[in-house]
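Please read the points below with the model open beside you, and check each one against the residues as you go.

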Amino acid sequence: MKDHLKYSMEIGVAGSDSNVGRSRDQYEPLDRPLFGESSNRDRLVNLVVGTLTGVMVLSTVISAFAYSGDTSVKVPNVYFALCVLFILISHLILIYWYRQGDLEPKFRNLIYYNAFTMLLLCICANIYIFVVDPSKH
């Protein structure tokens, strides 16, 4: 039986299907990243987009609670900040699924698009929070 198994392995019938004589690193599918290796450029873009989005969302939430022009917290500002937080949560779930390999690579563009729209929403919220009400002057 050992001779038959040895012969089968040599001709590629059992086990490795024509991987005989080739290095294991070339054909181990579990060792390779699911969607290819990410380059330094991709990592840098992800870091910049993530940092910028995180800083903007954090500043928007802090501004909604801390800045109010008078002593009371304005409910619309807090509501706007909560909406931004809910969008951020769904965005983070999408990133988590992407990093786990549950989503295809084309979803990376959707993640960038969501980050861009979240940045625009944060800018809009900050303008709404910090603009002086013209009726008070």
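1. Helix α4 is followed by Gly 101, a residue whose phi is positive, near 95°. The helices named in this note (H or I, at least four residues), like any strands (E, at least two), are DSSP runs and are numbered from the N terminus.

2. Before going further, please keep in mind that this is a predicted model, in which local features need pLDDT of at least 70 and side-chain atom pairs count only at pLDDT 80 or more, while totals for chains, interfaces and linings use all residues. Residues are numbered from 1 along each chain as its sequence is written, and side-chain values use heavy atoms, with hydrogens and water left out.

3. The protein has 5 helices and 0 strands, and its elements, taken from the N terminus on, run α-α-α-α-α. Of its 137 residues, 21% count as buried, where buried means under 20% relative accessible area, exposed means over 50%, and partly exposed lies in between (1.4 Å probe, protein chains only).

4. Helix α3 (residues 40-66) has 27 residues and reaches 38 Å from its first C-alpha to its last, close to the 39 Å expected at 1.5 Å a residue; the expected span is 1.5 Å times one less than the number of residues. Its buried residues are Asp 42, Thr 53, Met 56, Val 57, Thr 60, Val 61, Ser 63 and Ala 64, and these pack against α4 and α5 (107-130).

5. If residues up to four places away in sequence are not counted, Thr 60 touches Ala 81, Cys 122, Ala 125, Asn 126 and Ile 129.

6. Asn 77, found in helix α4, is buried because its relative accessible area is 3%, and, leaving aside residues up to four places away in sequence, Asn 77 touches Ala 64, Tyr 67, Tyr 128 and Ile 129. Phe 80, also placed in helix α4, has a relative accessible area of 18% and is therefore buried; with residues up to four places away again not counted, Phe 80 touches Leu 121, Cys 124, Ala 125 and Tyr 128. The C-alpha atoms of Phe 80 and Val 61, which are 19 residues apart along the chain, are separated by 8.6 Å.

7. Where does Thr 117 lie? Thr 117 is found in helix α5 and is partly exposed, with a relative accessible area of 30%. Thr 117 and Thr 53 are 64 residues apart in sequence, yet from C-alpha to C-alpha they are 9.8 Å apart in space.

8. The accessible surface of the protein comes to about 10,600 Å², of which 64% belongs to carbon and sulfur atoms; such areas come from the Shrake-Rupley method with a 1.4 Å probe, and for residues only the protein chains shown count as cover. Leu 82, Phe 86, Ile 89, Ile 93, Tyr 96 and Trp 97 make a nonpolar surface patch of about 630 Å². Patches are made of residues with over 30% relative accessible area and no salt bridge, like charges being joined within 9 Å and nonpolar side chains (Val, Leu, Ile, Met, Phe, Trp, Tyr) within 5 Å.

9. How many salt bridges does the structure hold? It holds 1 salt bridge, the term meaning a side-chain nitrogen of Lys or Arg within 4 Å of a carboxyl oxygen of Asp or Glu. Glu 104 forms this bridge with Lys 106, and the closest N and O atoms are 3.7 Å apart. Glu 104 is partly exposed, with a relative accessible area of 44%, whereas Lys 106 counts as exposed at 57%.

Key:
Contact means heavy atoms within 4.5 Å.
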